[in-house]
Amino acid sequence: MLEVHDLTVRFGGITALDGVGFTVAQGEMVGLIGPNGAGKTTLFNCLTRRYDADAGSVAYEGRNLLAAPPHAITRLGIARTFQNLGLFSRMSVRDNVLVGAHTHGRAGFWSAALWLPVLRGEEAGLRRAADEVLERLGLTAVADHPAAGLPFGTLKRVELARALAARPRLLLLDEPVNGLNQAEVAEFAATLRAIRADLDLTVIVVEHHMGFVMGTCDRVVCLDFGRKIAEGPPEEVQRDPAVIEAYLGTP
Ligand code: ATP
């Protein structure tokens, strides 16, 4: 589904990604680990076209992803969540999720007047889709609640719900369990496993919580100073001396 080849991104004198390459197969869940500043979020920003690459290529479902404009990313079936939640705090949970659902619709691409009747019909469909996602993630009880004031663990699920409402084929999760307690981490992992199976989702997850990575990912890629230092099954990468030296440390 995704072939990243020799990807390089520089910011002035800093090389945030230095010739990174890996592939992700349809339906796979890949964990992206590494110390702070290793280039993980930069990779997501590159895949979602927020940042341009200085060198390398990315093929997504056979297309040259780096030639796609940023606004086309959701339409191509790629959605992401953010390390610092990007929710609209005064809007209800449902409206936040509807924002995700709308990015999949026609709105914004055509004259509103021309499409108004279609959009009205679509709006009902989008609300149904949003409500389905809310139910799936156990958020129905807080659907009409403003995002502000909800517990952090709930907001993390709303962030996931919004990304899922865009009906992605490739989901990019940026530190989805950061700040959650152990029970919430276990619940998030279980939800994600079930959703992946149901929706045939392909997932790349950036996460420092190794228990979560070990329990959910099929494969792990480790970055350090913008370079890939290891790749393989989670148990193998966890034992890799280079990964222990650069990131995990000795227990
Ligand atoms: P963390 O685990 O802390 O989120 P990360 O692995 O996601 O770290 P990145 O945020 O991708 O790391 O940062 C990689 C390097 O690129 C860092 O040195 C960072 O300071 C730099 N960097 C990232 N974005 C920018 C930017 N917009 N402008 C300048 N430098 C940047």
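**Salt bridges, helix packing and local contacts**

At 16% relative accessibility, Arg 219 counts as buried, where buried denotes under 20% relative accessible area, exposed over 50% and partly exposed the range in between (1.4 Å probe, protein chains only). The model is predicted, so that local features need pLDDT of at least 70 and side-chain atom pairs count only at pLDDT 80 or more, while totals for chains, interfaces and linings use all residues. Residues are numbered from 1 along each chain as its sequence is written, and side-chain values use heavy atoms, with hydrogens and water left out.

The side chain of Arg 219 forms a salt bridge with that of Glu 28, at 2.6 Å from N to O. This pair links distant parts of the chain, 191 residues apart: Arg 219 belongs to strand β9 (residues 219–224), and Glu 28 to the loop between β2 (14–24) and β3 (29–33). Helices (H or I, at least four residues) and strands (E, at least two) are DSSP runs, numbered from the N terminus. A salt bridge is a side-chain nitrogen of Lys or Arg within 4 Å of a carboxyl oxygen of Asp or Glu. By this rule the count comes to 13 salt bridges. Glu 28 also counts as buried, because its relative accessibility is 15%. A further salt bridge joins the side chains of Lys 228 and Glu 231, again with an N to O value of 2.6 Å. Lys 228 is partly exposed, with a relative accessible area of 34%, and Glu 231 counts as partly exposed at 31%. Glu 28, Arg 219, Lys 228 and Glu 231 are linked in a network of salt bridges.

Two packed helices are described by the angle between their axes and the distance between the axes. Helix α4 (residues 152–165) packs against α5 at an angle of about 15 degrees, with the axes 11 Å apart. Axes are lines fitted to C-alpha atoms, for helices over the stretch in contact, and angles run from 0 to 180 degrees between N-to-C directions. The two helices α4 and α5 are therefore roughly parallel to each other, the class for angles under 35 degrees. On the α4 side, the contact is made by Gly 153, Lys 156, Arg 157, Leu 160 and Leu 164, and on the α5 side by Glu 184, Glu 187, Phe 188, Ile 195 and Leu 199; contact means heavy atoms within 4.5 Å.

The side chains of Arg 157 and Glu 187 meet in a salt bridge at 3.8 Å, N to O. This pair connects helix α4 with helix α5 across 30 residues of the chain. Arg 157 is buried, with a relative accessible area of 18%, whereas Glu 187 is partly exposed at 43%.

Glu 175 is placed in the loop between β7 (170–174) and α5 (182–199). Glu 175 is buried yet has no salt bridge, and the nearest side chain of opposite charge, Lys 40, is 5.5 Å away; Lys and Arg count as positive and Asp and Glu as negative, with His and the chain ends not counted. Not counting residues up to four places away in sequence, Glu 175 touches Gln 83, Lys 156, Val 206, Glu 207 and His 208.

Leu 248 lies in helix α8 (residues 241–248) and is partly exposed, with a relative accessible area of 29%. Its C-alpha atom is separated by 9.6 Å from that of His 208, 40 residues apart along the chain.

Methods. Angles under 35 degrees count as roughly parallel, over 145 as roughly antiparallel, 65 to 115 as roughly perpendicular and the rest as oblique.
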